[in-house]
Amino acid sequence: MNHTFILVLVGKNNMNKKIFFIILLILFIKTIQAEINIETASEQEIKAAFIIKFTHFVKWPKKAFYSNKDEFIIAILGKHSFGNLFDPFIGKRIFGKRISIVEISNIDKFEHAHILYIGPGEKNNFSKIFNKINNKNILTIGDTKGFAHMGCIINFIQKKENIGFEINIDAINKTNLKISSELLRLARIIQEK
Amino acid sequence: MRLRVFFIQIIFLLFFIQLVQAQTKVEKLAKLSLEELMQVKVSSTGFFAMPVERSPGFIKIVSNKEINNLPVNSLSDIFDFYLPGVHLSNTFYEGVLYSVRGMTIPQNSTTLFMINGYNFNRATGNGINSGLMLPLLGDIDQIEVINGPCSIVHGSGSINGFVNIIPKNGSNYPDSFYEITYGFKDKLYKFETGYGYSYGLNKDIFIYNGFVKSNGFKPEYNFGYVSNSGYDPDVYDKKVRGFPEPSLKWSLIWNHNDFSFKLLFNREKYYINTLNTGSFFDDMSDHASMAVIPEYNYIINDYEDIKFSIPVMFFDNGIENYNISNSTTTKYGGSENHIESKIILRTTRFNNNSIALGGFVGFRNFKDDEFIFLNNLNNKNTYLDTYWNESGLFFENIIELMPELSFSFGMRYDRIDYKKIKIPVFDPQSNAIKEKIIVPGSRNISTSRFALFYTLDELNNFKFSFQEGFHHPELSNLYFLGFLSNELKAEKIESFELNYQHKPDKYGLSFDINLYYNIFKDSILVETKTNNAFLNRDPFSNSQDDFSSTGGEFSIEFKSNEDSIYFTYGYSIPVNLSENDNIKISIANNDCSKWSGYPTHIIKSNIVKNFFNNRLTMVLNFLYNSPFDVETSSSSNIYDHNRIITNIMAKYTFTNFYIKAFGKNIFSCDVPPVSYINDFPWMGNLGTDESYFYIGIGWEK
């Protein structure tokens with residue numbers, strides 16, 4: 001520690017003015033976004049980040065965008081506790097399409113979605129939801145134990161200290177979605193019997 | 001004064017600057033690779049990591065980011081200014097005194113302080129806890145604080161809540177950082193640096209080095225300090241709360257696949273709070289502590305794993321006594337060593353069950369007149385060596401009864417064997433002090449935990465828990481001023497808690513309401529008697545009468561991107577459970593309507609506002625303690641004030657560089673906090689009518 005340096009920097013007689021000057025100077029310097037270290041996150045923050053991240057590892061067929069060429073729709077079905085975690089992503093582009101987040105309470109309204117997050121409260125409606133999806137090119141993401149076995153493509157699982165996910169291979173094969181091998185490598189693989 | 005006005009002007013000016021869109025934590029997480037994202041930990045407070053909202057009891061997690069965005073210097077500042085229902089005061093002997101839910105007792109031995117889940121308390125009972133006042137926080141990833149007991153997981157010591165410090169690792173904190181800080185009032189100089197490196201998945205290393213030196217400050221003339229201590233600080237040029245010689249902290253965290261190794265070392269030399277320098281009162285504390293924690297997590301298969309660890313802890317506890325009358329310094333003290341072996345098997349094999357079972361054995365000793373790290377011991381006349389073993393078995397099962405309802409239950413059995421205490425005895429025949437060995441024998445105790453968690457919907461949930469805690473008698477309890485308390489047994493707490501949580505909704509609003517009813521049994525450090533003669537106490541014995549603490553904690557947070565408004569309220573009152581109405585509780589007032597060392601109402605608030613795309617962070621922090629108004633205590637006129645403290649901070653970050661300025665007690669009105677009945681301001685439980693300002697410059701890659 002260089003004590004002399006600090007005392008020279010702030011001075012003794014004009015300390016207030018010098019500090020004020022330093023702070024003003026810094027405020028007006030052209031700045032660049034700072035890198036901030038990652039820390040422990042809440043369950044919902046990690047899951048929200050996963051949902052966004054999955055878009056980089058899944059390829060949708062062109063016909064999935066016929067009805068709306070400029071929009072990538074993430075639908076959230078049922079009550080959820082994401083709060084406003086997705087807000088920063090609304091309007092941002094992913095493979096040239098604007099992300100839109102749609103909260104839906106009715107299973108009839110996700111027809112044009114590219115990702116469908118199915119909240120834990122929808123367990124009883126699961127068969128209805130999948131009848132409605134009927135092998136459409138929708139990446140279904142569940143958040144309930146057993147959802148992957150029931151036909152959901154990706155399902156979050158709680159590991160001992162982290163959040164992981166499982167993937168139902170047969171459910172993917174019923175769609176025209178292509179999932180990268182990297183995603184499969186990190187997932188617990190589920191196959192229907 | 002001018003400096004304070006300047007800082008306040010800056011704060012108000014900047015709060016009105018236009019807000020620019022901030023980058024959220026989710027955006028940062030989404031930039032991680034999938035592997036990295038899978039490594040981000042969900043907060044953990046039990047055998048199994050689980051979200052805070054599912055963990056039994058009232059839990060608060062303070063993240064590294066929150067620590068960096070608080071106008072604080074030390075762990076004790078974080079506890080005092082940020083955590084719901086936690087009250088900090090000062091004890092005349094060893095500095096900071098930590099209390100929750102009314103339990104302000106003369107030492108910190110009943111609050112369990114841990115490093116990554118491993119007990120870092122000294123066990124001889126002097127109430128010393130490493131690093132609470134040390135202004136070096138750069139190696140901390142997060143702090144987990146629970147106000148209730150949790151012996152099922154952590155064993156002896158968690159009567160008065162527990163604090164778990166999680167250190168950083170190289171994966172989450174890659175590359176290097178440097179920070180220097182200067183304190184204008186107390187002439188504080190601080191330097192911290194750390195470096196993290198990841199060389200693969202689950203392979204990383206993190207090293208940290210920090211040191212600090214500060215002059216401290218002169219005790220205030222207010223609050224009756226000088227008239228009672230008899231020592232004018234101007235005449236004797238004595239200071240309090242400073243680190244006159246460099247104090248330091250080193251840590252090394254290494255993770256390699258399923259193996260981890262943690263090494264932490266603290267050296268603290270600070271002025272004991274009191275200015276009094278007579279033969280009884282001490283002047284300087286000189287402590288060193290080291291934790292060596294190897295841990296191996298063997299993953300057997302998808303369902304089972306075994307966690308095995310052998311933490312080893314070393315403590316040196318030195319006291320320097322400077323005698324004004326003859327200008328001599330005597331230094332005395334001793335050292336403690338703990339070695340423990342702990343094994344936990346966890347399985348999720350059985351559908352809807354998460355089972356943990358395990359055990360530990362610990363070997364501990366205290367050796368008087370011996371240091372491991374320190375030197376200059378020149379007063380060897382107290383020899384009092386102790387050896388004791390601890391062991392325990394524990395089990396817990398978390399059962400998911402329905403998707404929205406889970407239930408957990410667990411049992412724990414603990415045993416302590418006091419092998420021997422070597423005590424000095426005066427032999428009249430030889431007219432000399434001789435050594436005598438006594439064996440206090442063993443004690444056993446069983447504790448349990450039951451908890452229910454119910455999800456009302458995606459946003460709202462309820463928790464109910466019954467938890468027990470215990471605290472083995474420590475050396476200073478068993479043997480005190482020549483008396484052996486051979487019948488002393490562990491003290492116990494039973495805690496009932498009801499909790500309602502609302503998770504962040506689309507408006508960014510979340511809140512947490514917790515009600516508790518704690519029953520204290522066989523208390524060692526709290527007396528219940530039919531008169532007021534608490535100070536002339538007998539050698540320690542367990543209290544015959546139970547008493548209770550009841551109240552609640554409430555916290556609410558509104559969060560919009562990285563901006564937040566956080567407000568907490570803590571309430572606690574004592575309840576006399578004895579059938580005899582004349583029974584008095586030593587830490588409550590005469591009619592048992594209020595605690596005598598703990599504010600009935602504690603309010604804390606923290607407002608964080610970001611500007612310029614999160615490059616500028618402004619923080620306004622506030623603490624309120626209700627006054628203590630008991631007439632029978634001689635200290636009541638000193639504590640009969642509302643205690644209000646306001647702190648501020650501004651931090652500006654650009655590229656890898658940041659500048660941080662913060663002020664504590666900016667309105668200069670910190671009256672002494674209420675504390676244990678003996679801890680008067682003239683014994684170090686000080687207030688101050690000064691503000692303290694700090695400026696730090698840092699670089700992180």
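**A walk through a two-chain model**

Let's start in the middle: the largest nonpolar core holds 105 residues, and the ones with the most contacts inside it are Leu70(B), Ile78(B), Met114(B), Ile115(B) and Tyr694(B). A nonpolar core here is a set of buried Ala, Val, Leu, Ile, Met, Phe, Trp, Tyr and Cys residues joined through C-beta atoms within 7 Å. "Buried" means that 20 or more other C-beta atoms lie within 10 Å of a residue's own; 12 or fewer makes it exposed, anything in between makes it partly exposed, and the C-beta atoms are placed from the backbone. Pick out Ile115(B): leaving aside residues up to four places away in sequence, Ile115(B) touches Phe120(B), Ile165(B), Leu264(B), Ala291(B) and Ile293(B). A contact means that the C-beta atoms of two residues, placed from the backbone, lie within 7 Å. There is also a second, separate core of 51 residues, which includes Trp60(A), Leu116(A), Ile138(A) and Phe165(A).

Before going on, a word on how to read all this. This is a predicted model, where local features need pLDDT of at least 70, side-chain atom pairs count only at pLDDT 80 or more, and totals for chains, interfaces and linings use all residues. Residues are numbered from 1 along each chain as its sequence is written, while chains are lettered from A and ligands numbered from 1 in the order in which they are written.

Now for chain A. Six helices and 10 strands make up its list of elements; helices (H or I, at least four residues) and strands (E, at least two) are DSSP runs, numbered from the N terminus. Of the 193 residues in chain A, 36% are buried. The average pLDDT of chain A is 76, with 77% of the residues scoring at least 70; pLDDT is the predictor's confidence in each residue, from 0 to 100. Residues 1-13 of chain A have pLDDT below 50, and beyond near neighbours in sequence this stretch has nine contacts in the model. Residues 26-39 of chain A are also below 50, with 30 contacts beyond near neighbours in sequence. Where pLDDT is low, the predicted coordinates should not be read in detail.

Over to chain B, with 10 helices and 35 strands. Here 51% of the 701 residues are buried. Among contacts in chain B between residues at least 6 apart in sequence, 66% join residues at least 24 apart.

Two strands count as paired if DSSP finds at least two bridges between them.

Lys559(B) stands opposite Ser564(B) in strand 29. The hairpin of strands 28 and 29 of chain B has two residues between the strands, and Asn561(B) takes a positive phi near 50 degrees there.
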